[in-house]
Structure formats: structure tokens, C-alpha cells
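Here is a short briefing to read with the model open beside you.

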Amino acid sequence: MDGGVFSFEVKAVKPEPEIYRCLCDKYGLKPEECLFTDDVPANVKGAQACGFQGIVFEGYEKTYPVIMKALR
């Protein structure tokens, strides 16, 4: 992880679309080139609605292989 945004600074919280847009704007990211992971399914769905790839984090052992497959 190389950065992030804080909800109190951008006045938005997950899964509101604005927080994902702020993240992209801050770092010059294209959502379709990003992978978002969170342990809350609604937050992953919010990111996916904004164009991110999304994976629900369900522990390292289960999630790591899914992340590696998504990055290929």
C-alpha cells in the first residue's frame, strides 16, 4: 500500500463514490487499473461501482491467492 485518503479530510466515507474518486484524484489513478480490498463487502461493492477490481478480504490465507490471480 502506497497511500490513502482519510474520510475526515475528504468529507466522505466508504462506500460513498466520492471517497474512491478522491483516492484516484489524489494519486492520478485509473480505477480500472486498481485493486481494492476490504473486509466489508459493501465497501468492495462501492469500489466496484466506481470501476475498481474488488476483493473481499477474508484472511490472508484465503485472500492472497485471489489477489495474486487478479493481478495477472
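A salt bridge here is a side-chain nitrogen of Lys or Arg within 4 Å of a carboxyl oxygen of Asp or Glu. By that rule, Glu58 and Lys62 form a salt bridge, with their closest N and O atoms 3.6 Å apart. Please keep in mind that this is a predicted model, where local features need pLDDT of at least 70, side-chain atom pairs count only at pLDDT 80 or more, and totals for chains, interfaces and linings use all residues. Residues are numbered from 1 along each chain as its sequence is written, and side-chain values use heavy atoms, with hydrogens and water left out.

**Salt bridges**

- How many salt bridges does a search of the whole structure find? The search gives three.
- Lys14 forms a salt bridge with Asp38, and the closest N and O atoms are 2.8 Å apart. This pair links distant parts of the chain, 24 residues apart: Lys14 sits in the loop between H1 and H2, and Asp38 in strand E1. (Helices are DSSP runs of H or I with at least four residues, strands are runs of E with at least two, and both are numbered from the N terminus.)
- Is Asp38 buried or exposed? Asp38 counts as buried because its relative accessibility is 8%, while Lys14, at 41%, counts as partly exposed. (Buried means under 20% relative accessible area, exposed over 50%, and partly exposed in between, with a 1.4 Å probe and protein chains only.)
- Within helix H2, Glu18 and Arg21 lie three residues apart, about one turn of the helix, and their side chains meet in a salt bridge at 3.4 Å, N to O. Both ends are partly exposed, Glu18 with a relative accessible area of 37% and Arg21 at 46%.

**Helix H2 and its cover**

- H2 spans residues 17-27, and its buried residues are Ile19, Tyr20, Cys22, Leu23 and Cys24.
- These buried residues are covered by elements including helix H1 (7-10), strand E1 (35-38) and helix H3 (41-49).

**Cysteines**

- The disulfide count is zero, a disulfide being a pair of cysteine sulfur atoms within 2.5 Å.
- Cys34 itself is buried, at 12% relative accessibility.
- Cys50 also has its closest cysteine sulfur in Cys24, at 7.9 Å, and that is too far for a bond.

**Strands E1 and E2**

- E1 pairs with strand E2 (residues 53-56) in the parallel sense over four bridges; strands pair if DSSP finds at least two bridges between them.
- Leu35 has Gln53 as its bridge partner in E2.
- Phe36 and Asp38 make up the covered face of E1, and Leu35 and Thr37 the uncovered one.
- Ile55 lies in strand E2 and is buried, with a relative accessible area of 10%. Beyond residues up to four places away in sequence, Ile55 touches residues including Phe36, Asp38, Val44, Val66 and Ile67; contact means heavy atoms within 4.5 Å.
- Ile55 and Asp38 are 17 residues apart in sequence and 6.9 Å apart in space, C-alpha to C-alpha.

**After helix H4**

- Leu71 is in the segment after helix H4 (60-70) and counts as exposed, at 56% relative accessibility.
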